Amino acid sequence: MKRYILLLCFLGMVKMGYGEIILDSDDTSPRLDKTFKLTATFIDSDKDNYKIEGLDNFQILNRGSQSSYTSIYGKVTVKKSETFLLKPLSLGEKKLKVIGKDENSKELVIDVKKSEVRTAKNSKFYLEENKLKKDYYFGEKIPFRENLVSKVSLSGLQWVKGPDFKDFSVKDVTDADNNGNFIQKLIRIEGKQALEVQVYSGILQANSSGEKEIVGGQLAVTESNDMNSFFNQSAPIYLGPKIEKIKILPLPENAPKNFQNIVGNIKINSSWSGDSVNYGEAITLTVNLSGDGNLELLNNLIDGQLKEFTVYETVKNYKEGIDNNGKYYNNKSIEVAFVPKNIGKLKIPEIKIPYFNSTNKKYEFEIIPEKTINVKGEISKSDKQGLINNNIEHKYQEPLKIKEVKIEKIPIKQVENRNIYKLSTFILGILNILQLALFIIFIKKNKR
C-alpha cells in the first residue's frame with residue numbers, strides 16, 4: 001500500500017514538473033485610455049484548449065502567436081506564446097488567470113488607472129463631439145458629430161470601432177474627399193495652428209421613447225516621428241469611446257388634425273404666382289420650409305379636396321444635414337398648383353401646417369393666409385356639363401321603411417267541383433239511347 005502511494009506522489013510530481021503556463025504583461029498599471037500587451041506563455045503545455053479568466057474586462061485590439069523549440073543535452077523544450085493588445089474597459093483591479101487543459105497560470109493583477117485629461121490646452125490630440133441636449137422628443141432629429149483635433153503631425157489615423165447607435169435610425173452624412181479620405185482643415189487654438197479632422201457625422205432619430213445611450217467611436221491615432229524606422233515608430237494612442245446618455249420624451253396627446261409628426265422648430269416662406277388667372281390655367285403657390293423639424297415627413301399641405309379648385313402638389317427639393325456648429329437643419333420646397341373649376345372671384349382657404357414645437361413644448365401652427373383669385377374667361381358648354389356632372393350632389397337616401405300591415409282573413413265560400421266522370425256518363429247514356437232508337441227504326445224498315 002505504501003509503495004502504491006509513493007508511486008502516485010512520484011507521478012504527480014513528474015506531472016507537475018512537466019508543463020508550465022506563465023501569464024505576464026508589459027504594464028500592470030495601464031491607464032484607461034492606454035493599451036498594453038498581455039502574453040500567455042505555454043512551456044511544454046497544451047496551448048490548444050485554454051481560456052483566460054477576466055479577459056472580458058478588456059477590449060482585444062490585436063492578437064498574435066509564436067512558437068520556439070530548444071534542445072539542451074537532448075532534452076527538447078517546446079515554448080508557445082499568445083500575445084494580446086488590450087485596452088481596459090473600466091477602472092480598478094482586474095484579475096487574470098490562464099486555465100489550461102492540464103495546468104493553470106498564476107493570477108496576474110492589472111490595476112487600471114484614470115485616463116489623462118485631454119483638452120485643447122494640455123493634449124497633443126483629442127476627440128471632440130458636438131454637445132447634445134439631455135432631453136429630446138420622440139420624432140426629433142439628433143445631430144451627432146465627432147472631430148479629431150491634433151496639434152501635431154500624424155502618421156496614422158484609423159477607426160478601431162465605429163459609433164454604436166442602439167435603438168436609433170441613423171443616416172450617415174460624413175463628408176469625404178475624392179479619394180474617400182477624411183475631410184481635414186486647419187484651425188487655430190490659442191493662436192497656434194492645429195488640424196481638425198471630421199471623422200463622423202450622423203443624423204439620429206430614436207425608435208422609441210425612454211432612456212438611451214449614444215456610444216461614440218474609437219480611434220487609433222499615431223503621432224509622426226522624425227525617425228521613420230520601423231523600430232522607432234510611435235505607439236498609437238486610442239481615443240474614445242465616449243458615452244452620452246439622453247432621454248427621449250413621448251409626444252403629448254391631443255395632437256391637432258392633419259398632424260404629420262413634424263417635431264422641432266420650423267419657419268415658412270410662401271409666394272403666389274399672381275392674383276388672377278385665365279380659366280383653364282393654374283395659379284401656383286410656392287412654399288419654402290426650413291428649420292430643425294423633420295420636414296421629410298410633410299407630404300400634404302392641403303387637407304382634403306377643395307370645392308372650387310383641383311389641386312396638384314409637387315416636392316421640388318429636400319435637403320438635410322449638420323451645419324458647421326453641429327446643429328441639424330433641413331429645407332423643403334413644395335409647389336402647389338390650383339386649377340379653378342369656375343370663373344369669377346374664388347377663395348382659396350388658409351393652409352395650416354401643424355407641428356410640435358420642441359422648444360415651447362406644445363403644438364403650434366404655421367399658417368398661409370387665405371387667397372382670393374380672380375378667374376377670367378368663359379366656360380365652354382362641354383366644361384359646363386362636366387362641372388354640372390361633377391357638382392351633382394348625390395344625397396344619401398335612407399332606405400324605405402316597410403310598415404307592417406295586419407292582413408285580416410277573408411272568408412271564402414266553397415264551391416262544389418263538377419264531377420267530370422258523371423258528365424261523361426250522362427253524355428254516353430244519351431248517345432246509347434239515340435243509337436238504340438236508330439237501331440229500332442232500322443229494323444222496322446227492314447220488316448216492311
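Q: Does Trp272 count as buried, partly exposed or exposed, and what is its relative accessibility?
A: This is a predicted model. Buried means under 20% relative accessible area and exposed over 50%. The value for Trp272 falls in between, so Trp272 counts as partly exposed, at a relative accessibility of 23%.

Q: Is Phe338 buried or exposed?
A: The cut-off for a buried residue is a relative accessible area under 20%. Phe338 has a relative accessibility of 0%, so Phe338 counts as buried.

Q: How many aromatic pairs does a search of the whole structure find?
A: A pair of aromatic rings is described by the distance of the centres and the angle of the planes. Across the whole structure, the number of aromatic pairs found is ten.

Q: Which kind of pair do the rings of Phe259 and Tyr363 form?
A: Planes over 60 degrees apart count as edge-to-face. The ring centres of Phe259 and Tyr363 are 5.3 Å apart and their planes stand at 85 degrees, so the pair is edge-to-face.

Q: How many residues apart in sequence are the parts that Phe259 and Tyr363 tie together?
A: Phe259 lies in the loop between β18 (243-249) and β19 (263-264). Tyr363 belongs to strand β27 (residues 362-368), so the pair ties together parts whose separation in sequence is 104 residues.

Q: Is Tyr363 buried or exposed?
A: A residue is buried under 20% relative accessible area. Tyr363 has 17% relative accessibility, so Tyr363 counts as buried.

Q: Which kind of pair do the rings of Trp272 and Phe338 form?
A: Planes under 30 degrees apart count as stacked and over 60 as edge-to-face, with the rest tilted. The planes of Trp272 and Phe338 are at 40 degrees, with ring centres 5.5 Å apart, so the pair is tilted.

Q: Where in the chain do Trp272 and Phe338 lie?
A: The two residues are 66 residues apart, and their pair links distant parts of the chain. Trp272 is in strand β20 (residues 266-272), and Phe338 is in strand β24 (residues 328-340).

Q: Which residue in β17 stands opposite Val221?
A: Strand β16 (residues 218-223) pairs with β17 in the antiparallel sense over three bridges. The residue of β17 opposite Val221 is Ile237.

Technical notes: Residues numbered from 1 in each chain as written. Predicted model: local features only at pLDDT ≥ 70, side-chain atom pairs only at ≥ 80, totals over all residues. Heavy atoms only, no water. Phe/Tyr/Trp six-rings, centres within 6.5 Å; stacked < 30°, edge-to-face > 60°. Helix = DSSP H or I, 4+ residues; strand = E, 2+ residues; numbered from the N terminus. Buried < 20%, exposed > 50% of the residue type's maximum accessible area, 1.4 Å probe, protein only. Pairing = 2+ DSSP bridges.
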